[in-house]
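Visitor: Could you take me through this model feature by feature, giving the general idea before the particular case?

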Amino acid sequence: MCSLLSTALSTADKSYVNIKLVKTENKYLKIKDSKLRDGDGPFPDGKGVTCLTAIRGTPGFSDGQHYWEVSLGKTGFLKHSWWVGVTSAAEIPHDFNVSTNTSTGFWFLSSSHDSEDCLQFSTEPKVSLPAHERPQTVGVYLNYDSGELSFYNVEAQRLIISFTATFRGEVFPLFNPGKDDKAPMEILQRAEQTESNDHGNSVDLAEGPSP
């Protein structure tokens with residue numbers, strides 16, 4: 001099984017693409033290059049993670065196979081609240097009342113402070129997965145043509161979940177660093193493809209160790 005998963009991850013890795021964050025003036029986010037974390041608030045809603053701190057990436061995809069990786073920190077300083085996935089929303093609605101699930105164009109894996117023992121996928125109702133080990137790096141593999149969206153624990157070379165959907169129109173990478181979680185998430189860049197980035201909300205994310 002490990003060999004099969006390693007082969008699947010290696011195949012996905014051949015489709016690696018560098019994802020950039022869109023420019024935003026979202027006051028609930030702090031962004032520096034490819035790192036992001038929540039702003040200092042105050043937030044108008046409760047403890048749950050919502051679209052207030054969500055941001056999409058670029059480019060968008062309407063065909064083909066694509067793979068990217070997201071760092072969620074290091075051992076001892078892992079994020080507890082986050083979303084990682086894709087969305088068909090060209091603009092993220094920064095409203096805590098927005099319904100975010102597969103039926104509204106949001107396909108993502110998530111973690112929260114309230115559910116330390118599991119990860120969730122954004123179906124309605126949500127699919128919960130036992131979190132025997134929390135991922136340090138999540139790999140996202142999108143095969144638009146076959147409607148496959150898979151998430152990998154990169155360090156463990158383990159498939160977390162694979163989901164099948166019918167995508168229509170362009171879909172974009174989706175990220176959310178959660179709230180009250182100072183550990184930043186980072187969209188990992190491959191050196192051979194790295195380009196100069198220019199993002200909004202450029203701030204120092206020196207609070208806590210870097211992922």
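Visitor: Which residue in E14 does Phe151 stand opposite?

Guide: Strands of a sheet pair through backbone hydrogen bonds, either parallel or antiparallel. Strands here are DSSP runs of E with at least two residues, while helices are runs of H or I with at least four, and the elements are numbered from the N terminus; two strands count as paired if DSSP finds at least two bridges between them. Phe151 stands opposite Ile161 in E14, and the two strands concerned, E13 (residues 148-153) and E14 (residues 158-164), run antiparallel and are joined by 6 bridges. This is a predicted model, in which local features need pLDDT of at least 70 and side-chain atom pairs count only at pLDDT 80 or more, whereas totals for chains, interfaces and linings use all residues. Residues are numbered from 1 along each chain as its sequence is written, and side-chain values use heavy atoms, with hydrogens and water left out.

Visitor: What should I look for in the turn between E13 and E14?

Guide: Most residues other than glycine have a negative phi, and most peptide bonds are trans. E13 and E14 form a hairpin with 4 residues between them, and Gln157, in that loop, has a positive phi near 50 degrees although it is a residue other than glycine. Burial is read from relative accessible area (buried under 20%, exposed over 50%, partly exposed in between, with a 1.4 Å probe and protein chains only). Gln157 has 37% relative accessibility and so counts as partly exposed. Asp180 is another non-glycine residue with a positive phi, of about 55 degrees, and its place is in the loop between E15 and strand E16 (185-187); at 55% relative accessibility, Asp180 counts as exposed.

Visitor: Where are the cis peptide bonds that join Glu124 and Pro125, and Thr58 and Pro59?

Guide: The bond from Thr58 to Pro59 is cis with omega near 15 degrees, and Pro59 is placed in the loop between strand E4 (55-58) and strand E5 (65-71). The bond joining Glu124 and Pro125 is cis with omega of about 5 degrees, and Pro125 is placed in the loop between E10 and E11.

Visitor: What is the order of the open sheet of 7 strands?

Guide: The order is E1-E4-E15-E8-E9-E10-E11, with antiparallel pairing, and the edge strands, each pairing on one side only, are E1 (20-21) and E11 (127-130). Within this sheet, E8 (residues 82-87) and E15 (residues 172-176) pair in the antiparallel sense over 5 bridges, and the bridge partner of Trp83 in E15 is Asn176.

Visitor: How many aromatic pairs does a search of the whole structure find?

Guide: Rings of Phe, Tyr and Trp (its six-membered ring) pair if their centres lie within 6.5 Å, and planes under 30 degrees apart count as stacked, over 60 as edge-to-face and the rest as tilted. The search finds 8 such pairs. The rings of Phe121 and Phe163 have centres 4.7 Å apart and planes at 40 degrees, so this pair is tilted. Since Phe121 lies in E10 (residues 118-121) and Phe163 in E14, the pair ties together parts that are 42 residues apart in sequence. Phe121, at 1% relative accessibility, counts as buried. Elsewhere, Trp107, Tyr144 and Phe167 form one aromatic cluster.

Visitor: Which ring does the charged end of Arg190 sit over?

Guide: A charge sits over a ring if NZ of Lys or CZ of Arg is within 6 Å of the ring centre and within 35 degrees of the ring normal. The charged end of Arg190 sits over the ring of Tyr16, 3.7 Å from its centre, and that of Arg56 sits over the ring of Phe172, 4.2 Å from its centre.

Visitor: Which element gives the most to the lining of the largest pocket?

Guide: On a 1 Å grid over the protein atoms alone, a pocket is an open set of points where a 1.4 Å probe fits, with protein on both sides within 12 Å along at least five of seven lines, and lining residues have an atom within 4 Å of a point. E14 gives the most to the lining of the largest pocket, with 3 residues, and the residues that line this pocket include Leu129, His132, Arg158, Leu159 and Ile160.
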